[in-house]
Amino acid sequence: MQPSAEVNQRLARISAHLCTEFPRVGESSLTQSNCRAKGGAPGFKVAVLGAAGGIGQSLSLLMKINPLVSVLHLYDVVNTPGVTADISHMDTGAVVRGFLGQAQLEHALTGMDLVIIPAGVPRKPGMTRDDLFKINAGIVRTLCEGIAKCCPHAIVNLISNPVNSTVPIAAEVFKKAGVYDPKRLLGVTTLDVVRANTFVAEVLGVDPREVNVPVVGGHAGVTILPLLSQVKPPSSFTAEEISYLTDRIQNGGTEVVEAKAGAGSATLSMAYAAAKFADACLRGLRGDAGIVECSFVASQVTELPFFATRVRLGRGGAEEIFPLGPLNEYERAGLEKAKKELAGSIDKGSLSSGTDG
Ligand SMILES: NC(=O)c1ccc[n+]([C@@H]2O[C@H](COP(=O)([O-])OP(=O)(O)OC[C@H]3O[C@@H](n4cnc5c(N)ncnc54)[C@H](O)[C@@H]3O)[C@@H](O)[C@H]2O)c1
Ligand SMILES: O=C(O)C[C@H](O)C(=O)O
């Protein structure tokens, strides 16, 4: 006998809730819940919020192949059943579960060790990252309220722009909920480092994997401050090369936005950068020694309450924040410009708490 349309609809609703837990009636009598293997390899529980987006999909794929991840929760307000079904077929260790819409946010977050947030709208040509503030502030606030309630000890990797303001917004949400741990809130600026390594390697004619450029400050225009005097391996540049590299690194995001011509901003290089940073956070959580990355965090390195510098990642998140190190005159001038702009963006985020942006 064929199951009624009503039964099929009911199962589809349950299936949307649990995403891949039930096949449609009539397809097989064996369901995933009867399967002998239940998953549960040792590792960390990671949630991606905004998992169906341009960054979210590639990032979720990269987290699914990370051997440190045992459980991967994919949350978005659209399209997570499809993304989850697709990624869950990859034969890697992490067990994947999908969550759709605000009603499932708490299930998505409960028990997570690391929450990565690429949710929010991207830029179009002619826009600044700050033009995204109003809409993304509200999204970040709602998601962080969920984190405060369901996994207050998770490490948070915040990608949504404008990072210079969304990190202060998240801090205010966590403070209000009484769960703020500044070491666990990390703004993701890894793409600036990834770009800097690539562009510097092109100029030097070397493999980018051999290059490490500290990029400090924040994540927008002049607040992105590459410290070319501290490049590893030690390298020297002409004044013309310094000017070209600084400008290209500061405007790397705009270069992609313009090339995509209205179809969004960096997604693939960003997913790579976010996966690299998340992997570093997970190795820190595991207790590995010497994990150092740049990140926009609560900081006393300058007079500003938040600043991106090199940080040492450990079980508690950003356990040590390194000072800027010696700067040359060009970098000192860049630092002053960066701080001036950053101060306004940080205040805008901190003071927006409780409003809709
Ligand atoms: N930090 C960085 O270096 C960096 C780099 C690139 C992009 N970004 C930023 O990342 C964000 C996402 O970019 P994208 O290209 O993936 O955009 P996108 O539009 O392709 O994807 C965003 C996703 O967020 C989801 N979303 C919207 N509201 C949500 C909510 N309340 N809860 C959960 N999910 C929600 C959307 O449904 C969508 O799937 C943008 O703000 C962008 O500016 C940051
Ligand atoms: O430029 C953008 O708007 C996205 C992102 O911040 C980037 O640097 O690529």
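Let's start at ligand 1, which has 33 residues around it, with Gly-50, Gly-53, Gly-54, Ala-119 and Asn-161 the closest. Keep in mind that this is a predicted model. By type, the shell around the ligand splits into 18 nonpolar residues, 13 polar ones and two charged ones.

Where do those residues come from? Domain 1 (40–188) and domain 2 (189–353) each put at least three residues into the shell around ligand 1. Helix 5 gives the largest share, with four residues.

Now turn to the largest nonpolar core, which has 101 residues. The members that touch the most others are Leu-114, Val-115, Ile-116, Ile-117, Val-156, Ala-170 and Ala-274. Helix 10 (residues 268–286) is the biggest giver here, supplying 11 residues to the core. Both domain 1 (40–188) and domain 2 (189–353) contribute residues, so the core lies between them.

Take Val-115 for a look at who meets whom: setting aside residues up to four places away in sequence, Val-115 touches Ala-47, Leu-49, Leu-109, Ile-147, Cys-151, Ala-154 and Val-156.

One last stop is Leu-68, which sits in the loop between helix 2 and strand 2 (69–76). Is Leu-68 buried or exposed? Leu-68 counts as buried because 20 other C-beta atoms lie within 10 Å, and 20 or more is what buried takes. Beyond its neighbours within four places in sequence, Leu-68 is in contact with Gly-43, Phe-44, Asp-279, Leu-282 and Arg-286. Gly-217, by contrast, is 149 residues away along the chain, and its C-alpha atom is separated from that of Leu-68 by 30 Å.

Terms used: Residues are numbered from 1 along each chain as its sequence is written. Chains are lettered from A and ligands numbered from 1 in the order in which they are written. This is a predicted model: local features need pLDDT of at least 70, side-chain atom pairs count only at pLDDT 80 or more; totals for chains, interfaces and linings use all residues. A residue is near a molecule or strand if its C-beta atom, placed from the backbone, lies within 6 Å of it. Helices (H or I, at least four residues) and strands (E, at least two) are DSSP runs, numbered from the N terminus. Ala, Val, Leu, Ile, Met, Phe, Trp, Tyr, Cys and Pro count as nonpolar, Asp, Glu, Lys and Arg as charged, and the others, Gly among them, as polar. Domain bounds come from an automatic or database domain assignment. A residue is buried if 20 or more other C-beta atoms lie within 10 Å of its own, exposed if 12 or fewer, and partly exposed in between; C-beta atoms are placed from the backbone. Two residues are in contact if their C-beta atoms, placed from the backbone, lie within 7 Å. A nonpolar core is a set of buried Ala, Val, Leu, Ile, Met, Phe, Trp, Tyr and Cys residues joined through C-beta atoms within 7 Å.
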